[in-house]
Amino acid sequence: MSLMITDECINCDVCEPECPNDAISQGAEIYEIDPSKCTECVGHYDEPQCQQVCPVDCIPHDPSHQESQDELHAKYIKMHGSK
Ligand code: SF4
Ligand code: SF4
């Protein structure tokens, strides 16, 4: 499942550099997560790094992008290769 950024975002900029997949970018008004790139940090970290650093806790799971752990791992392999 991808994560999403809600309109509580205060544009503090701290999440963007933490994402190992470059899935976070500044949108028209607030930061956005590209669901095709977000793996919940599977393959890189045990916890979603953006959620860890967000000071206002505005990065929940996106129910419209449901994925299993296997699917998230496959996404990681596709982007970064196997190892
Ligand atoms: S959960 Fe991980 S991969 Fe997804 S947007 Fe946050 S930092 Fe990036
Ligand atoms: S860390 Fe949270 S508040 Fe800061 S830019 Fe990212 S989503 Fe917005």
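At 65% relative accessibility, D57 counts as exposed. In this predicted model, D57 sits in the loop linking α1 and α2. Its phi is near 55 degrees, a positive value in a residue other than glycine.

D22 has a positive phi as well, near 50 degrees, and is likewise not a glycine. D22 belongs to the segment before β1 and is exposed, with a relative accessible area of 60%. As background, most residues other than glycine have a negative phi.

## Surroundings of ligand 1

Which residues surround ligand 1? The shell consists of L3, C19, P20, N21, I24, I33, C38, T39, E40, C41, P48 and C50. Sorted by class, this shell holds nine nonpolar, two polar and one charged residues.

Several members of the shell can be described further. C19 has a relative accessibility of 15% and counts as buried, because the limit for that class is under 20%. C50 is buried too, with a relative accessible area of 9%.

P48, another residue around ligand 1, is in the loop between β2 (31-33) and α1 (49-53). Its relative accessible area is 8%, so P48 is buried. P48 and L3 are 45 residues apart along the chain, and their C-alpha atoms are separated by 8.7 Å.

Ligand 2 has 14 residues around it, of which C9, I10, C12, C15 and C54 come nearest. By class, its shell divides into 12 nonpolar residues, one polar and one charged.

How many disulfides does a search of the whole structure find? The search returns zero. For reference, a disulfide is a covalent bond between the sulfur atoms of two cysteines.

## Nonpolar core

The largest nonpolar core has 15 residues, and within it I5, I24, I33 and I59 touch the most other members. In soluble globular proteins, nonpolar side chains tend to be buried together.

Leaving out residues up to four places away in sequence, I5 touches I24, I30, Y31, E32, I33, C58 and I59. T6 lies in the segment before β1 (24-26). With a relative accessible area of 16%, T6 is buried. Beyond its neighbours within four places in sequence, T6 is in contact with I30, C58 and P60. I30 and C58 are also among the residues that I5 touches.

## The salt bridge

A search of the whole structure finds one salt bridge. It joins the side chains of K75 and E67, with an N to O distance of 3.0 Å. Side chains of opposite charge can pair when their charged atoms come close.

Is K75 buried or exposed? K75 counts as buried, because its relative accessibility is 12% and the class requires a value under 20%. E67, at 24%, counts as partly exposed.

K75 is placed in helix α2 (residues 69-80). Not counting residues up to four places away in sequence, K75 touches P35, S36, K37, C38, T39 and E67.

Conventions. Residues numbered from 1 in each chain as written. Chains lettered and ligands numbered in written order. Predicted model: local features only at pLDDT ≥ 70, side-chain atom pairs only at ≥ 80, totals over all residues. Heavy atoms only, no water. Near = heavy atom within 4 Å. Nonpolar A, V, L, I, M, F, W, Y, C, P; charged D, E, K, R; others polar. Disulfide = S-S within 2.5 Å. Buried < 20%, exposed > 50% of the residue type's maximum accessible area, 1.4 Å probe, protein only. Core = buried A, V, L, I, M, F, W, Y, C linked by side-chain atoms within 4.5 Å. Contact = heavy atoms within 4.5 Å. Helix = DSSP H or I, 4+ residues; strand = E, 2+ residues; numbered from the N terminus. Salt bridge = Lys/Arg side-chain N within 4 Å of Asp/Glu carboxyl O.
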